Amino acid sequence: MAGELIGNILSLIMLVGLGIAGVIAVLVWKKNRASRVTFLRFVIQAVGLAAFFFLFSLEPAIPLLYVLIAWFAVTLFLGRFFCGWVCPFAFIMDIENLLRKALKIRYRLLPDKLNLALHKGRYLIITVFLLFPLILWIFNPPPDTATAIMMARLLAGPFRPYSLIIDPLVPFVVPWTGQLILGNINFSYPYVANITSLIQATPGQIFAIAFVATTLIGAFLVRRIWCRFCPAGVSIAALNKFKAFKGVPLLYIEKDEAKCTKCGVCKRVCPVQVNDVYDQKGGKIKTSQCMLCARCVELCPYEDTLKINLGNKPVFKSRNWLEPSIINEERKIE
Amino acid sequence: MSKNQTVEQRYLPEIQRKEIDELKTTVKGASQKIIADNIARMKKADSHRPDTMKYFDDIANLFGRRQQEIEAEKQKGKKIIGYLCLFAPTELISAADAIPVRVNSGWYDTSKLGDRVVPVEVCPVIRSTIGAKMIELSPFLEQSDALISVLTCDGMTKLSEILSDQKTIWGMNVPRVKDSTQSLRFWSAEIKHMKTQIETFTGNKITRNSLKEAITTSHRATKAFRRLQELRKGNPVIMGQDAMLVNQAYSWDDKKRWTEKTEALCNELEKRVQQKDWVCSPDTPRVMLTGTPMFWPDSWKLPALVEEGNPKGIIVADEQCSGERILNDPIGVDEWSMDDMLNAISERYLMASTCPCFTSKDGNEDRINWLLNKVKEWNIQGVIYYVLRGCMLYAMEYNRVKKALDKINVPVYYLDTEYTREDVGQLKTRVEAFMELLNARIDF
């Protein structure tokens, strides 16, 4: 038992080490400042994917309710950092994006209004989802009314195909996940599991497969289409719209009004079409849509105009990706 | 005058061939003298000018090396496409294997000829360009096979019409409110239309690769330009007029060669910085120019006065579409697909611009922010607001700029002048008085 624990910890440490090695490799190898962060993100996402497979194949499984609590606590402070940098499903979409770029197909944009409606829609989806056990209970009172069991019925029982719409939530919200183990690798990650387990044709399953197919194709044409309404992305960063919670988000984008020329690059490159970075005049950018993927900061052509701050300290600044000359400190006047 | 000779001249007067030739010889001779004189004065102002400036002196001769080069390219069948305003997407021109040159005129003498076509109240840049066309003076204007005219100010709008008597003109509409989606959509459509027009005219298709190449070339140029600007931030290592000439030469020089030479200049200047070899005393008042564009060669009268005066100042930055605005903003391409590149080009030319032809509810704040940021970063002690009589847009924005700069306690001096050399004495007094003021402020 103790040996297993040590083994698990060692594996995790190895994974983290792999991540750090990848990050360093990218920093050394990628000199082009306009795509460095994008490559970094791929490394971190890949490590994140491996970490998830690892976590779900642990015996005994970690009670995921704890993960859920931790996840919401983290979102409160870091916004949707997870969505931009770790989420394995986003990784799948980013790979599709790479494929699209390689095929030289242009991306499509959603109309701004639709985008905003989808963003608001995610709150509706998650509310319905959280109320689902109650609905089940009304129609078909079960012998056991524990919420966890109800959730399990929703996710594994006859309603399984329809609950696909909340699938990226599964690892976080539900204290139980269906497992699919091939060889020694756990494929319980939503999409893979769904595609393999929903082959028998019933109307619900056809719906499920069609849904998976459309989102995958959609993500190919529209960048990060899922992230625009993903219910798991319900962000407590929404809180920063209220003054009382002003200090709550620790990780946020800051814009220097004086240096900004409103050239519009930040608006165009955003994979989820967030307009707030461009629209807001300066200071702390308040938005619950942004995933902090830092693409806008990476491509902003003016030095120090956009920053990602952790607390009060900038962790990543927009820099002149044309590479600035070395500024000699003593050259400055006093 | 070749192909349109039979076309009725709707604006331009009919001038005898003999008269044209006579005038051209006189004005050209005078202009060559002025160019040589300007360079001589620049050399005098800085006793040990960087060696690399030799190249730019050479290129600065509008009737010299560059004209012959373009002529040679033209003989080989390349098209020359001129542009009258900074909004013209030069990357598209280069991508279609044509040569972009800016054809705005800086000759004082020709502005008097332009008076025959338009009233004196009109902006002298416009009058001078018309005059240059009348006597076929400007080498680049004559060589260009087509002109892109962007309808920004009133002068530009009619100038394109007047020049269309003799040239193929492509007008581009600029939306006057830039901060809106529909404006951008409209401007993108203009850019896409311009792409097809250039393609049909040159017969070369703009491909993904050629456009990428053109954009990367201008990225490199911006990089070199920013390096030079970075060097001007500290103690002065280069005279302002030299740097201004370098920046402006980009608009007619070969882009790649310009980048190389500017990098070489920066290398030289960096060495000087290490040796603490300043071009003038670090206490010299640091001045920024803003306002109406100054075109080489004749308009160099003001920068020369600032840097030769007694007491003198040093120009460390400018906000003019003949200077830093040419290269300040790079094209931010997200994906190297045709679609995204064109979008990036339209955004760069429309939204990043600080031209006063735009109106917005926040009072053209982009321009104010640029000025304030420059003042802070370049440590500027005084701003000269240069306005040519007749340039309405810049003149009308003066108060906005003055109020903003007053807030941070930086003096602004409104300097209005004309395309004439008669007021040099008077200008000298005015500039020196301003420098005196700046000096007094530094001493306190």
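Student: In this predicted model, how many bridges join strand 5 of chain A to strand 6 of chain A?

Tutor: Strand 5 of chain A covers residues 306–310, and strand 6 of chain A runs antiparallel to it. Within the pair, A:Lys307 stands opposite A:Lys317 of strand 6. The number of bridges joining these two strands is four.

Student: Which strands of chain A stand at the edges of the sheet?

Tutor: The sheet is open, and its four strands follow the order 4-3-5-6 with antiparallel pairing. Each edge strand has a single partner strand, so one side of each is left without a neighbour in the sheet. The edge strands are strand 4 (283–284) and strand 6 (313–317) of chain A.

Student: Which helix of chain A gives the most residues to the side of domain 2 that touches domain 3?

Tutor: The domain assignment divides chain A into domain 1 (1–62), domain 2 (81–234) and domain 3 (246–317). Between the latter two, 13 residues of domain 2 are in contact with nine residues of domain 3. On the domain 2 side, the elements giving two or more residues are helix 6 (112–139) and helix 4 (81–85) of chain A. The most, four residues, come from helix 4 of chain A.

Student: How many residues of that side of domain 2 of chain A are charged?

Tutor: The residues of domain 2 of chain A that form the side touching domain 3 fall into three classes. Six are nonpolar and three are polar, while the number of charged residues is four.

Student: Which helix gives the largest share of the side of chain A that touches chain B?

Tutor: Across the two chains, 26 residues of chain A are in contact with 32 residues of chain B. The chain A side divides into 11 nonpolar, five polar and 10 charged residues. Its largest share, three residues, comes from helix 11 (residues 265–269) of chain A.

Conventions:
Residues are numbered from 1 along each chain as its sequence is written. Chains are lettered from A and ligands numbered from 1 in the order in which they are written. This is a predicted model: local features need pLDDT of at least 70, side-chain atom pairs count only at pLDDT 80 or more; totals for chains, interfaces and linings use all residues. Domain bounds come from an automatic or database domain assignment. Two residues are in contact if their C-beta atoms, placed from the backbone, lie within 7 Å. Ala, Val, Leu, Ile, Met, Phe, Trp, Tyr, Cys and Pro count as nonpolar, Asp, Glu, Lys and Arg as charged, and the others, Gly among them, as polar. Two strands pair if DSSP finds at least two bridges between them.
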